[in-house]
Amino acid sequence: MTEKSEITELVRERYATAALQLNDAPSTSCCVPTDLGNGDVFGSALYTGNENLEIPEEAFLASLGCGNPTAVADLHPGETVLDLGSGGGIDVLLSARRVGPTGFAYGLDMTDEMLALARANAAKADATNVEFIKGQMEAIPLADDSIDVIISNCVINLSVDKNAVISEMFRVLKPGGRLGISDVVAENHLSAEDRIERGSYTGCIAGALSNQEYLDALVAAGFVNSTVAYTHEVAPEMHGSIVKAVKPSV
C-alpha cells in the first residue's frame, strides 16, 4: 500500500470502529485527539440550537465533527444538499428538514458501518427526502452541476488529496452553488511538521490545511468569494473553522 492509501484505510477503520461503538458509547467522538481529551471542541456539544429536538437522539449523539455546518449554510426550501463524510447522518437529516419535501439531501461516506448507522437513523426520523451513498469525496459519484449546496463537518482535513476533493465539489455544484463547510484549519505559520506534532491524522489535526492553503485551493478550483473564519481552538494554533465559497454563475 502507498502512504496515501494507508492513511485512507486508517481513517476508514477509525470511523468504522466508531460507528460500531456508538450504540455502547454514543457520545464518544473519534475526532477528539487523545492528547486533548476535550469533547467540547468536537461532537454534539457544538450544536447549540434545538437541533436535538429535530432528529433521533442516536443521530444527534453520533456527531463526530468540529462544527455545525447546517447553521451556516443558509439552506432554503427546494434545494439539493450534499454532505461529504456524512457519518451517522446528523447533518443530512437536519438539512433534509430545512430544504423541506421539495428539496433533497445526500450523504456521502466511504464506511459501510457509518452508512448503516445513518440509514437506520433516517428510518427512525421517517425522512423520505434523503439518500446515503457510498463513495469517496475525491471522486464524488454524482453528476456535474447537480447540487445547490455542499456541507461537510470536519472531514475534508482527513482526505489525502484535498485538491481533488475541492475540484470535485466544484464539478458537482450547480452554477451559483455554494459551500458551507466546518473543518479544522491551521494558522498560516504552522508547518506540516508542526501540525503533526499537535495531533494525529485520524484525530483531524495532522492533515489540516492552513488558512491560506485552503483559500488558494478554492481559488485554483474556480471558486469565488472564498472565506475561512475561525470559530474555536481545537489544538494550539489550530481552529475549528467555517469555510465558505461560491461557484460562479454562468
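**Figure 1. Asp144 and its partner Arg171.** In this predicted model, Asp144 is partly exposed, with a relative accessible area of 47%. Asp144 forms a salt bridge with Arg171. The closest N and O atoms of this pair are 2.6 Å apart. Arg171 sits in helix 5 (residues 162-172), while Asp144 belongs to the loop between strand 3 and strand 4 (147-153), so the contact ties together parts 27 residues apart in sequence. Arg171 has 23% relative accessibility and counts as partly exposed. Glu168 joins in as well: Asp144, Glu168 and Arg171 are linked in a network of salt bridges.

**Figure 2. The salt bridge of Asp145 and Lys247.** Asp145 pairs with Lys247 in a salt bridge, with 2.9 Å between the closest N and O atoms. The two residues come from distant parts of the chain, 102 residues apart. Asp145 is in the loop between strand 3 and strand 4, and Lys247 is in the segment after strand 8 (238-246). Asp145 is partly exposed, at 40% relative accessibility. Lys247 has a relative accessible area of 9%; buried means under 20%, so Lys247 counts as buried.

**Figure 3. Lys247 over the ring of Phe170.** Lys247 also lies over the face of Phe170, at 4.8 Å from the ring centre. Phe170 is partly exposed, with 21% relative accessibility.

**Figure 4. The aromatic pair Phe170 and Phe223.** The whole structure contains two aromatic pairs. One of them joins Phe170 and Phe223: their ring centres are 5.1 Å apart and their planes stand at 90 degrees, so the pair is edge-to-face. Phe170 is part of helix 5, and Phe223 is in the loop between helix 7 (211-221) and strand 7 (224-235), so this pair ties together parts 53 residues apart in sequence. Phe223 is buried, with a relative accessible area of 3%.

**Figure 5. The salt bridge of Asp112 and Lys134.** Side chains of opposite charge can pair when their charged atoms come close. The structure holds eight salt bridges. Among them is the one between Asp112 and Lys134, whose closest N and O atoms are 3.0 Å apart. Asp112 is partly exposed at 45% relative accessibility. Lys134 is partly exposed at 49%.

Methods:
Residues are numbered from 1 along each chain as its sequence is written. This is a predicted model: local features need pLDDT of at least 70, side-chain atom pairs count only at pLDDT 80 or more; totals for chains, interfaces and linings use all residues. Side-chain values use heavy atoms; hydrogens and water are left out. A salt bridge is a side-chain nitrogen of Lys or Arg within 4 Å of a carboxyl oxygen of Asp or Glu. Buried means under 20% relative accessible area, exposed over 50%, partly exposed in between (1.4 Å probe, protein chains only). Helices (H or I, at least four residues) and strands (E, at least two) are DSSP runs, numbered from the N terminus. Rings of Phe, Tyr and Trp (its six-membered ring) pair if their centres lie within 6.5 Å; planes under 30 degrees apart count as stacked, over 60 as edge-to-face and the rest as tilted. A charge sits over a ring if NZ of Lys or CZ of Arg is within 6 Å of the ring centre and within 35 degrees of the ring normal.
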